[in-house]
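Here is a short briefing for anyone about to look at ligand surroundings. Please have the viewer open and follow along.

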Amino acid sequence: AHKSKVTVVGSGNWGSVAARLLASNTLRLSSFHDEVRMWVYEETLPSGEKLTDVINRSNENVKYLPGIKLGNNVVADPDLENAVKDANMLVFVTPHQFMEGICKSLVGKIKGDVEAISLIKGMEVKMEGPCMISTLISQQLGTNCCVLMGANIANEIAVEKFSEATVGYRGNRQIAEKWVQLFSTPYFIVTAVQDVEGVELCGTLKNVVALAAGFVDGLEMGNNTKAAIMRIGLREMKAFSKLLFSTVKDTTFFESCGVADLITTCLGGRNRKVAEAFAKNGGKRSFDELEAEMLQGQKLQGVSTAREVYEVLSHRGWLELFPLFASVHEICIGHLPPSAIVEHSERTPRSS
Ligand code: NAD
Ligand code: 13P
């Protein structure tokens, strides 16, 4: 029978862990080719070597996931067109800001019967309004596109600590089951729900709440305050998602992609960590500067997502309905001090 070929587009911290996870399953499952191809945005390391060459020689992404073997069936490829040309199953996992450019260069380069999934937490805001990354992929490439989100700090999954994840799908349950099969391991439990928008918005919006939680940590306001911010944030996540897409289900917020991802990101994520440093410095050092210094090339998604959400809120006249989301952006751009996070977020309307 026809075997599916898997390509991962992206090779950052989560991209590398995703490739490792998939590669352990393609070896095991007879319906997939063993090889997992991983597109690498090429860069030259301080040693003068190309990152791709080092990955293929050492089987390790020494820059974004040092110390972890990816599996011998992971092949790094710096040529995007070549990496996707034979793939039947495309896994997108880059920082969201690069996806528009990547999609443009992929138009006409992929096979006709490709299935896609996005692990990317973020959105784009266009003249017509917000556009989720899975929508960008399916519109530009003409493919179906599922999403996979969850409480998934990559470094923990790299060492096979137990976690759960959620696949969001639109109509086709069979395709969703194929993705579940391809990602599931005894330490990575995947559940499919028919709510692409809800799942993707959970993953996207929790990064904004994580910044708020980081501000609270930086100001040493304590656990009760942080829990209050997470509660208000979760409520804004739900209200915003439902205003954008009336089909979003309440139950989605109780899946791994919802409350669980919110908790793990507010405890141990990069957005939290850099926001804590931002608040400690009284907002005097920019997020760009702190990101470059603290994350060694990894990228934050929350700061640009806060801006994108703010654009939607101001366009639609919803700013007053979402005081936490709005104040996170205003703090990020220096219009409010980090300490404003609590008093401003507490302005949340009590009803709903
Ligand atoms: P990362 O933060 O490690 O980002 C760095 C990657 O971006 C590198 O592969 C780098 O080569 C690439 N890059 C830099 N400039 C580029 C350019 N101009 N064009 C294309 N690529 C470029 O990446 P990540 O952690 O794999 O995150 C990808 C997505 O996965 C994000 O949306 C993130 O929110 C999500 N995610 C991350 C984690 C995690 O724990 N890291 C967990 C779940 C979801
Ligand atoms: P950070 O990007 O804040 O590290 O969040 C990681 C994540 O999405 C965990 O599920």
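This is a predicted model: local features need pLDDT of at least 70, side-chain atom pairs count only at pLDDT 80 or more; totals for chains, interfaces and linings use all residues.

Residues are numbered from 1 along each chain as its sequence is written, chains are lettered from A and ligands numbered from 1 in the order in which they are written, and side-chain values use heavy atoms, with hydrogens and water left out.

**Ligand 1**

- Ligand 1 sits in the largest pocket; a pocket is an open set of points on a 1 Å grid over the protein atoms alone, where a 1.4 Å probe fits, with protein on both sides within 12 Å along at least five of seven lines, and sitting in it takes more than half of a molecule's atoms within 2 Å of its grid points.
- Around ligand 1 there are 23 residues, and the closest are N13, N152, A154, K299 and Q301; a residue qualifies if one of its heavy atoms lies within 4 Å.
- This shell holds 10 nonpolar, 9 polar and 4 charged residues, where Ala, Val, Leu, Ile, Met, Phe, Trp, Tyr, Cys and Pro count as nonpolar, Asp, Glu, Lys and Arg as charged, and the others, Gly among them, as polar.
- Helix α1 (residues 13–28) gives the largest share of the shell, 3 residues; helices are DSSP runs of H or I with at least four residues, numbered from the N terminus.
- An oxygen atom of ligand 1 lies 2.9 Å from a polar side-chain atom of Q301, and one is 3.0 Å from a side-chain N or O atom of R270.
- The protein buries 90% of the 840 Å² that ligand 1 exposes when taken alone, by the Shrake-Rupley method with a 1.4 Å probe.

**Ligand 2**

- The space taken by ligand 2 is the largest pocket.
- Its shell divides into 2 nonpolar, 5 polar and 4 charged residues, including K121, I153 and T265.
- Helices α10 (256–268) and α11 (270–280) each supply at least two residues of that shell.
- Polar side-chain atoms of K206, D261 and N271 each lie 2.7 Å from an oxygen atom of ligand 2.
- Taken alone, ligand 2 exposes 310 Å², and the protein buries 91% of that.

**D217**

- D217 is part of helix α8 (residues 196–218).
- D217 counts as buried because its relative accessibility is 18%, and buried means under 20%.
- The D217 side chain makes polar contacts with the side chains of K226 (2.9 Å) and R272 (2.7 Å); such a contact is a pair of N or O atoms within 3.5 Å, one able to donate a hydrogen and the other to accept it.

Note on methods:
On a 1 Å grid over the protein atoms alone, a cavity is a set of points where a 1.4 Å probe fits but cannot get out, and a pocket is an open set with protein on both sides within 12 Å along at least five of seven lines; lining residues have an atom within 4 Å of a point. Buried means under 20% relative accessible area, exposed over 50%, partly exposed in between (1.4 Å probe, protein chains only).
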